[in-house]
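Below is a short briefing on one protein model. Look over the sequence and the fold before reading the points that follow.

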Amino acid sequence: MSIQKVSYVKAFLINNFMPGFLVRLFAKPYVAGDSLEKSIETARQLWTEKGITSTIDMLGEEIQTKEEVEEIVQIYLDVVEAIKNEDFATISIKPTSFGIDIDKEYCIENLRRILTAASETNLGITLDMESSDYTDATLEIYHKLQPEFPNFGTVLQTMLFRTENDILELKGLDAHIRLCIGIYIEDKGIAYTKKSEMKAKLVEYTGLLLDHNHFVAVATHDEKTIYSCLDLIENHGKGPHEAEFQMLLGVPRDRIQQELINKGYTLRLYVPFATEWKYATNYLKRRLIENPRLAIYTIRNLFGRIFQPFRRKKKKK
Ligand SMILES: Cc1cc2nc3c(=O)[nH]c(=O)nc-3n(C[C@H](O)[C@H](O)[C@H](O)COP(=O)(O)OP(=O)(O)OC[C@H]3O[C@@H](n4cnc5c(N)ncnc54)[C@H](O)[C@@H]3O)c2cc1C
């Protein structure tokens, strides 16, 4: 069965039959908490304990009104204020949480406020890429704002057929691109259907971005793909100044993360927080669809914790 069909089935089951409280329980490791303070605390801890950097994201994809957008923009201004003098974190923003569904110009205005505040200390801001419905608008915004704000980056998804052309169109920009296979379920008329094809393109497009002197942030947990990208970066005569690696908070990859850090690369984790759980639900469902085994791990851990006292008692005897 193609990845599309499998993903549709998993998405249908999780979206329709899994109650919200279970989604939150199973997907907890992917979210830093319910406040800006908790996400900063997580980011600081990752930095001091493991040398891992972060990109902080406030989840908010169900945004419908300008009042809600304004609330989110204010929180992002607080995030900028809190970390603008720190080395350990950047910021990621979803176009839908900044009002792209309300009006593109309004979204640009909101982004400009954050970019202006962040540019005081050259704090990195990445505009996430959502489903293909938003690709044109997101790239249009990027092309418009990047020349003004060198600290501005965006994301390209290697599953989409259009991505090679989108990379070529970055010509003239000093672009900072997070390259990932992409998490949204797309139509087979516009996207590769096999993960192996998407990952081969991840390696190929890393090379293409480097050929055009753009900065590339390789976002994957797949070790084989990471090693292929590492070889390619080095064969291009490039290194930690031209590339970094990114992964999601909650995905256990300690060994390879440390290996990348030891080689001098920045290893950045995506550290999301949600002020209200309803804002986190879609993100968490996507993580569960990506890795339904999480539910099994969580249940095993829970039972482990419940039975731990009995096990200790037994040992004492
Ligand atoms: C920092 C970052 C930012 C991202 N931003 C975007 C974005 O803006 N737009 C977008 O469309 N997508 C984004 N993604 C999502 C990314 O495209 C998906 O996470 C993608 O499906 C992960 O695939 P992979 O390359 O890790 O390969 P996979 O084959 O999916 O994963 C490789 C292995 O990693 C492990 N793994 C992967 N995901 C999980 C998980 N959730 N839980 C536990 N184990 C897991 C599994 O063992 C799996 O076998 C981002 C990812 C990262 C890391």
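**Briefing: a barrel and its helices**

Helix 4 lies across strand 1 (53–58) and strand 2, and runs at about 165° to strand 2. Such angles run from 0 to 180 degrees between N-to-C directions, with axes being lines fitted to C-alpha atoms, for helices over the stretch in contact. Helices (H or I, at least four residues) and strands (E, at least two) are DSSP runs, numbered from the N terminus. This is a predicted model, in which local features need pLDDT of at least 70 and side-chain atom pairs count only at pLDDT 80 or more, while totals for chains, interfaces and linings use all residues. Residues are numbered from 1 along each chain as its sequence is written.

**Overall**

- The protein has 12 helices and 8 strands.
- Its average pLDDT (the predictor's confidence in each residue, from 0 to 100) is 88, and 82% of the residues score at least 70.
- Two residues are in contact if their C-beta atoms, placed from the backbone, lie within 7 Å.
- Where pLDDT is low, the predicted coordinates should not be read in detail.

**Barrel**

- The 8 strands close into a barrel in the order 1-2-3-4-5-6-7-8, with parallel pairing; two strands pair if DSSP finds at least two bridges between them.
- On average, neighbouring strands of this sheet are turned by 30° against each other, direction ignored.
- Strand 2 (residues 89–93) and strand 3 (residues 125–127) run parallel and are joined by 3 bridges.
- Ile93 stands opposite Leu127 in strand 3.

- Leaving aside neighbours within four places in sequence, Leu179 is in contact with residues including Leu156, Leu202, Val216 and Val218.

**Helix 6**

- Thr135, Thr138, Ile141 and Tyr142 are buried in helix 6 (residues 135–145). A residue is buried if 20 or more other C-beta atoms lie within 10 Å of its own, exposed if 12 or fewer, and partly exposed in between, with C-beta atoms placed from the backbone.
- These four are on the same side of helix 6 because they cover an arc of only 135° around the axis; the arc is that of the directions from the helix axis to the C-beta atoms.
- The face turned away from the buried side of helix 6 carries the exposed residues Asp136 and Glu140.
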